[in-house]
Amino acid sequence: MGISLFFQAAAVFYSAAMELNTIIAIAVSCAVVLAIAVYLAVSTSLLKKKNAAGSKTETSAGSPDADKAETELKAEERGLDEEITATSEQPLKEEEDVKAAAAEVKTEDEAAAIKAEEEVAAVNAEAYAEKAAVIFASGEKSAVGTKETEEEVKSAPKIITVKTDDPFSSIAYVKSFSAKLIQSEDKIKGYYSQIKNEMLKYKKIKSRTAWSKETFKLGKEPKLKLAFSGQTLIAYLAIDPKQFEETKIKVKDMSAKKPHAQTPTAVRLRADKNLKTVLQLIPMLMLEPAKKFEAADYTALLSYAEMDELIERKLVKVKVKAAKEGEV
């Protein structure tokens, strides 16, 4: 193609030379020839570079080293993915192991707590079968073995629960009437002592201390009971409370409660005026005074004692309770 153009140009300029000035025609012809030569050289150079680039690409694509490098790169990427997956799964596995270990420990602790509770219950049952009453003064009779005592043990007072270091169990303390009295304020002990002396000065009145109360009886008939509600000492008397409805004497009618059916008039001993009310009501029990009576200071027999001592004296029952689910 380049050669054909060259000859065509030469022919054109030759014709021009024949008509124009010979020198000018020759100069123009040389310029055209030079331009065509430059064009041919540039075209050839670009063609060679393109061919060389194509050969290099084909060589690189088919090289064994390149294939090997690509294979190694893919293998390395797969290994990295597997390592990342293993690392992410490891915490989940550790968490499952910890949960399984905690469940096993909890099961063992619950079993131990239940066994301990059964052992304590057995010891308490044996102890209270032998002695269910605490005697504070001479002349008092024990209620051991009576039907009343059995009922009192079954209907024990509220349980005081203390949490332990073991998250799966707790210790419960069940205080008796005597234990509450021993740990009460001196004022309450004084009220108790005065009421007890007032009752025992009557003929044939005997005092019996059960687990949750102390009862003063004439034969088999209860005349007055003393019991705690929380930390408050309450006197229950065998008097009809309805007769005090329109009087200044403040009492509470407990006749609807089965345990107090025989002693329905209740007075809470919170202040001296409450003690005065009880002492006014006792003569209404229609009791016969004793010929000889010597009052005793019961407060001296009720010196404060710590929980450990009360447990040792069988005045407090100890129970180990397994914690319910959600309390831990």
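Visitor: What makes the link from S3 to S4 a hairpin in this predicted model?
Guide: Three residues join S3 to S4 there, and the two strands pair in the antiparallel sense over five bridges. Pairing asks for at least two bridges, so S3 and S4 count as paired with their five. Threonine 209 stands opposite glutamate 214 of S4.

Visitor: How do you know that S4 and S5 pair?
Guide: Six bridges connect S4 (residues 213–218) with S5 (residues 221–229), in the antiparallel sense. Since the requirement is at least two, the pair qualifies with its six. Phenylalanine 216 faces leucine 224 in S5. Two residues lie between these strands in their hairpin, and glycine 219 in that turn has a positive phi of about 70 degrees.

Visitor: Why are S3 and S7 called edge strands?
Guide: The six strands of this open sheet follow the order S3-S4-S5-S6-S8-S7, with antiparallel pairing. S3 (205–209) and S7 (252–253) each have a single partner strand, so one side of each is left without a neighbour in the sheet.

Visitor: What makes S4 mostly covered?
Guide: Buried means under 20% relative accessible area, and five of the six residues in S4 are buried, so the strand is called mostly covered.

Visitor: Which strands does helix H6 lie across?
Guide: Helix H6 (residues 186–200) lies across S3, S4, S5, S6 and S8, and runs at about 175 degrees to S5.

Notes:
Residues numbered from 1 in each chain as written. Predicted model: local features only at pLDDT ≥ 70, side-chain atom pairs only at ≥ 80, totals over all residues. Heavy atoms only, no water. Helix = DSSP H or I, 4+ residues; strand = E, 2+ residues; numbered from the N terminus. Contact = heavy atoms within 4.5 Å. Axes fitted to C-alpha atoms, helices over the stretch in contact; angles between N-to-C directions. Buried < 20%, exposed > 50% of the residue type's maximum accessible area, 1.4 Å probe, protein only.
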